[in-house]
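User: I'm new to this one and would like a quick tour. Can you walk me through it in questions and answers?

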Amino acid sequence: MGKAKTQAKKWFTLCILILGGGTIFKLSSLKDAFYIPMQEHFHLTHTQIGLALSTYAIVQTIGYVFSIYIADRFSKKILIPIGLIGTGLIGLYLSTFPSYYGILVAWGGMALFADLLFWPVLIKAVKLLGDSGEQGRMFGFLEAGRGVVDTIVAFSALGIFMWLGSGAAGFRAAILFFAITTIVVGIISYFFVEDDVVIKIVEDGEELSRNKQALKGALQALKIPELWVASFVIFSVYSVYAGITYFIPFLREIYGMPVALVGAYGIVNQYGLKMVGGPIGGLLVDKKFKSATKYLRFTFLLSAVAMVIFILLPHETMNIYIGMVATLGFGAIIFTQRAVFFAPLDEIDIPDQISGSAVVIACLVGYAPSIFAFTMYGSILDAAPGITGYRYVFMIMIAFALMGFIISSYLAKLIKNKKEANIKYNTNERV
């Protein structure tokens, strides 16, 4: 009964973490369902939306530096609710339709709450929930569960937007819905997320304070070479993932997709695919490939080939539904990668006591493309309107996929060498 109770507690905790992870980014990812309304009611160009996302990413990156210390220093019971509630309060400000500079400040503020305080702690919490044979499934279910929550919340907001006439009033109401939902989930998480268990570390006969433990863990994590390689695998996935956003205006501009359908497509593209990609990616890693790194290597090559074929399609004469299926199919490949791209951290044997610092380093490097990718892709589309600009974007995505294939191949080799060295060492020990 004790084991069953422990399992139930583990999955209940995962559900609470999924609830938070599926709501906190709705406001900062407003572009996913409301890209066109953002242009119309915030009066933004492709480049300006990209700059808002880059502002988020710059603050996010600076925040991750501090998160190396914070993630292992403070309890998730405090950090997760603060991250959610703080993000929701900024959403209330966004509903006032601030100026462009106000929008930049809002996106920067959301980065502090969602990425400095919340996300590394969430990943650490999920990593610690499962053993080495469950990492693919844990992260797969996290991504799938987030997809379910994402889709329900986003379609609810889109329904409110359409119900109020698909204009400024509907857009404001949708933002308020996102904000209030995030605040409510933050309050719920405070009562159901458990406090962290403090691991005492003794050095030279003296117990280290939590401050010294956090600093020692950060320095230890920085010295793990495989961690840096794994982080650049995440970097490659995210660089390709950033390009998926531009399938939304692509279908609008090249295929003439109606605004309401654009919003629905954006939700399916960004959130619905998590429900498919999460479980598939997790199960393939655990059951078929037996390694997240090997799975990522395979899907990098698959995505590069798929995008080459996609570029060659006659988009100007194709049926819109074929275009939708083709883009969603490519997106599904990338979302299976996103579901498991933190799982290699378990393959490189990161000690539990420094897992927070390791996750932060992986986030710092892995999410770095958000600093430049959205602005780069957006400025290309503004500079080269029409199908030409989109082809440039898609070719850059291919380049990042091939880079990921090379890096993940190198990581797989490092992991193999490390395992062989450990086996040899253990054999010698027995002799």
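Predicted model: local features only at pLDDT ≥ 70, side-chain atom pairs only at ≥ 80, totals over all residues.

User: How many salt bridges does a search of the whole structure find?

Analyst: A salt bridge here is a side-chain nitrogen of Lys or Arg within 4 Å of a carboxyl oxygen of Asp or Glu. Side chains of opposite charge can pair when their charged atoms come close. K26 and D150 do this, at 2.4 Å from N to O. The search of the whole structure gives a count of one.

User: How many residues apart in sequence are the parts that K26 and D150 tie together?

Analyst: K26 sits in the loop between α1 (2-21) and α2 (31-41), while D150 belongs to helix α6 (residues 135-163). Helices are DSSP runs of H or I with at least four residues, strands are runs of E with at least two, and both are numbered from the N terminus. The pair therefore links parts whose separation in sequence is 124 residues.

User: Is K26 buried or exposed?

Analyst: Buried means under 20% relative accessible area, exposed over 50%, and partly exposed in between (1.4 Å probe, protein chains only). K26 has 2% relative accessibility, so K26 counts as buried.

User: How are α2 and α7 oriented to each other?

Analyst: Axes are lines fitted to C-alpha atoms, for helices over the stretch in contact, and angles run from 0 to 180 degrees between N-to-C directions. The axes of α2 and α7 (residues 168-192) are 11 Å apart, at an angle of about 120°. Under 35 degrees counts as roughly parallel, over 145 as roughly antiparallel, 65 to 115 as roughly perpendicular and the rest as oblique. So α2 and α7 are oblique.

User: Which residues does T299 contact, leaving aside neighbours within four places in sequence?

Analyst: T299 lies in helix α12 (residues 292-312), and T299 is buried at 2% relative accessibility. Contact means heavy atoms within 4.5 Å. With those neighbours left aside, the contacts of T299 are I333, T336 and Q337.

User: What separates the C-alpha atoms of L116 and S67?

Analyst: L116 is in helix α5 (residues 100-129), and its contacts beyond four places in sequence include S67. L116 and S67 are 49 residues apart along the chain, yet their C-alpha separation is 5.5 Å.

Conventions:
Residues numbered from 1 in each chain as written. Heavy atoms only, no water.
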